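Here is a brief report for a first look at this protein. Please view the sequence and the structure, then read on.

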Amino acid sequence: MNASTVEIAQRAGVAEGTLFRRFATKEGLFRAALKAPAVPSWVRELDGLSGQGDMRANLTRLVREVIRFAQERIPFVMLRWSHKPSSPDPVPG
C-alpha cells in the first residue's frame, strides 16, 4: 500500500475523487483490489464442457485454468494475510 491514491487514480485513468466516491478509504480500495472474482472463469466453463469433446483435453484445459487462477490469486491472498489494517474498515461482501 505504498502507492498514493493520486498514483492509483492516474494508473486507472480516473480522477482521485472518483476513487473516493467509490471507496470511502484507501483501506477500502486496497481490500476491494484483493477480492477474488465471485465465480472464477474456469468454474463457469464446467457446464459447457460436460459431455462435450475429449474428456482428457477438457480436463487438461481446466487444470491449466485452475493453475493460472491460483498463480494470479495466491500473491493477493498472501498480501491480504500480511496486511495490518490502518482502520477497522469492514471487508465488503
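## Burial and surface

Of the 93 residues in the protein chain, 18% count as buried. The model behind this figure is predicted. The protein chain exposes about 7100 Å². Carbon and sulfur atoms supply 60% of that area.

## Fold

The protein chain has 5 helices and 0 strands. Read from the N terminus, its elements run α-α-α-α-α.

How much of the contacts with a separation of 6 or more comes from residues 24 or more positions apart? In the protein chain, such residues account for 56% of those contacts.

## Helix H3 and its cover

Helix H3 spans residues 26-34. Its buried residues are Glu27, Gly28, Leu29, Phe30, Arg31 and Leu34.

What covers the buried residues of H3? The cover includes H1, helix H2 (16-22) and helix H5 (55-82). H1 takes up residues 5-12.

## Glu7 in helix H1

Glu7 has its place in helix H1. Is Glu7 buried, partly exposed or exposed? Its relative accessibility is 44%, so Glu7 counts as partly exposed. That value falls between the cut-offs, because buried means under 20% and exposed means over 50%.

Note on methods:
Residues numbered from 1 in each chain as written. Predicted model: local features only at pLDDT ≥ 70, side-chain atom pairs only at ≥ 80, totals over all residues. Heavy atoms only, no water. Helix = DSSP H or I, 4+ residues; strand = E, 2+ residues; numbered from the N terminus. Buried < 20%, exposed > 50% of the residue type's maximum accessible area, 1.4 Å probe, protein only. Contact = heavy atoms within 4.5 Å. Areas by Shrake-Rupley, 256 points an atom, 1.4 Å probe, with all protein chains shown as cover.
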